[in-house]
Amino acid sequence: MTATDPASRPARREPALDPSVAPPGTRAFRDAGALPADRWHADQRGETLVPTHCCFCGVQCGMYLRVDHAGKVFGVEPRNHDINRMRLCPKGINAYQQVNHPDRLTRPLLRRHRDEEFREVSWEEALDHTAAEIRRVQGEYGNDAFGVLGGASLYSEKTYLVGKFARVALKTRHVDYNGRLCMVSAAGANKLAFGIDRAGNPFSDILLTDCLLIAGSNVGECFPVLTQYLWGARDRGATLIVVDPRETAVARTADIHVALKPGTDSAFFNAVLHVVVAEGLTDETYLAAHTTGWDEVRATAAQYPPSRAARICGVPEDQIVRVARVFAGAEKAMAWHARGIEHHSQGVENCLSVINLCVATGNIGRPGAGYGTLTGQGNGQGGREHGQKSDLLPGGRSISDPEHRRQICAIWGIDEAELPLAGTSMMEMVRQMRRQEIRGLIGICNNPFVSLPHHATVKEGYDALQFHVQLDFFLSETAANAHVVLPVTVWAEDEGVMANAEARVVKHNKAQEPPAGVRTDTWVMRELARRLGAGDKFDFPDSRSVFEELRVASAGTVNDYYGITYERLEETGGIAWPCPSTDHPGTPRLFEDGRSYHPDGKIHLQVVEWHPPMDPYSDEFPLSLTTGRTVAHFLSGNQTRRLGALVEQTPRPWVEVHPSHGFGNGDPVRVVTRRGSAVFPALVTEAIRPDTVFVPYHWPVPTAANTLTIDALDPRSKIPEYKVCAARLEPAERVDAVPPPPAAPGRTADPETQVSRTDPLPPTSPQGRGTSERS
């Protein structure tokens, strides 16, 4: 650091300080003769700051990647983007370390049979072999015998290509993506009620609300930077209501924390609506003008008095009444939810029950009043908009709609008869693998061996595949089981767009060239398509050329990106879709005119009936197991379990148990469900219901929470019921060891990640622990 010499400038008189504005102590600081902080600057010669966004969650914080004179990313700086205002969470701060990590894959890996060792091969051999195996499988068993599974952390350009590649190059109906494990219950509810699949309000509206309800979202750990909006609302005097079985960090500060039993959300929200109706707190004028189905919804809510819901949910009756009065009594109220109410066999119904409450109280389409869903993956929103979801085509078009099919076939230049019909969901595809209905698979940006429920079923499905190729930049647990692994770029080595949880499309910029031997996903799909005889449909040299086709393919749809360009995104910092023209400002807030996106312009309220979870309780399995994330890790952990600072903060999974079970901190506890068991160190806390236990899910077998979870699906969204299954606890001798992340041939696991193998202790709090607290 260097300071400007004050003698080199003319003296200037410091302006008088307004005591009502100046921070405390400012006058004393200046009177002491110190130089103002703005006269200091960092010497950054030889360094470039590349503006971009974080690769992790759906908040999509702005950041600068620091690039040295040799063109290598070596650090990160927070960016004063209006999403995050200079704030980054632990994952964001450490994300840059994966770019030049020693575990990066840099050569294609191939083996003919799973009992062989991988060997490094050329790209030519890997792609030729992959194309030959695709032709063999489809030639013997039909086009639908080969499937594709994409990912919601890919740029939207690549998710567009995943769907097009499956349907045009492979000509298969079997394509889906790991966002099926994330947002599809909310998507289904939004489409049913509003005719559009996205949050209704921008994050900034949270700052304007008078009552904020957060349901099933551990914001402090899963979306840490979003907490600034919560605190901003609280600073204005907003009431905070948190609905969660655990007393999370945010729940601990709430005015009302509803610690309901897992799997009872819709019963709770029906009862809240019951009270709203009974006490005359509905907005009948709004309901009459803008909705259908209200009479049926009101009649159903009448069947859920607080006394009934209190028994189902395990919460006090008066708490239900208080939530209803506070939410409906606020001039402006908002509700946001996440996986806690979506990962259920009744996930769509849970989301609809929240929508019913917001609409019944007139809290839709106004600054500070509305409804939204918090996206888990970085492109969880954009990843389902442009065609890699099994039932959708680009622009959110239905693959079953003849007119939608005609439109896309015209853009793609194929005959309508060539376009396959809808496929099945991700978990259903795994079951089809077990039955050998799907015999070959391409996986891109996913790790089902950790992320899918009921691991034994998943392993059997993947083992039954005759051919499996996985694209990734680290050797994940799933990739380690494949026949071919293709090394692809990380987010900082390519450019593209993502849509965050507000449906704001943001631009990620390329910061460095990929390592020698690494290719982009776009290049890989283009080269495979060429070998499969569809190269003319994939003549895309880069992401920008894909985005131009995506813009055209989305034009005129609900998910309209046509007016969004790379240049506009660079200039504005992000544009919320729909954006139909290049002079359109985007649509950060929906429903301001009272109209939905259904043809009749009405909000279609839906009747919701509560039903118990799919895994029944019994004397043998009396407890509820629920799972979730922790602040230091992300999804399957394939990235974060390799970053030393994050591993040291949270080296291993644990089981949160109430003191009433008699365990001490660190005691080995076996968690048993109908699908298996695993042993974790106990984290004894009163911040969880006595009838509930919690395990974070970022680690592989034998410490995988998804060894235990049930693969029951919501009948409409096909999302797994991660958030509740019947369980019991048993004392054990020792905790299960955490395996290191898989390593490529000839390499050993990075030493920084190995603390997780030897550390037997839980964190000192549910939010993890700092490295200084290790002993």
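This is a short tour of the structure, stop by stop, with something to select at each one.

**Before you start**

You are looking at a predicted model, in which local features need pLDDT of at least 70 and side-chain atom pairs count only at pLDDT 80 or more, while totals for chains, interfaces and linings use all residues. Residues are numbered from 1 along each chain as its sequence is written, and side-chain values use heavy atoms, with hydrogens and water left out.

**Stop 1: a seven-stranded sheet**

Helices (H or I, at least four residues) and strands (E, at least two) are DSSP runs, numbered from the N terminus. Two strands pair if DSSP finds at least two bridges between them. With that in hand, follow the open sheet of seven strands in the order β7-β6-β20-β19-β18-β8-β9, where the pairing is mixed. Its edge strands are β7 (119-120) and β9 (175-177), each pairing on one side only.

Now select 440-444 and 467-472: these are β18 and β19, which run parallel and are joined by five bridges. Which residue in β19 is the bridge partner of G440? It is F467.

The angle is taken between N-to-C directions, from 0 to 180 degrees, using axes fitted to C-alpha atoms, for helices over the stretch in contact; contact means heavy atoms within 4.5 Å.

**Stop 2: a covered strand**

**Stop 3: helix α7**

Move to residues 227-235. In this helix, T227, Q228, Y229, L230, G232 and A233 are buried. Show β10 (211-215) and α6 (219-222) as well, as they are among the elements covering those residues. Just after the helix, G237 takes a positive phi of about 105°.

**Stop 4: open pockets**

Rolling a probe the size of a water molecule over the atoms shows where empty space is left. On a 1 Å grid over the protein atoms alone, a pocket is an open set of points with protein on both sides within 12 Å along at least five of seven lines, a cavity is a set where a 1.4 Å probe fits but cannot get out, and lining residues have an atom within 4 Å of a point. Grid points are joined across faces, edges and corners, and a volume is the space filled by probe spheres set on the points.

The largest pocket holds about 410 Å³ of space. Select A187, G188, K191, K389 and D391, the closest to its centre of 23 lining residues. Helix α5 (residues 184-194) gives the largest share of this lining, five residues.

**Stop 5**

How many cavities of 30 Å³ or more does a search of the whole structure find? There are six. Of its 39 lining residues, S153, N178, Q377, C445 and L635 lie nearest the centre.

Finish at the second largest cavity, with about 330 Å³ of space. Select G216, D244, G340, T627 and K723, the closest to its centre among 28 lining residues.

Technical notes: Buried means under 20% relative accessible area, exposed over 50%, partly exposed in between (1.4 Å probe, protein chains only).
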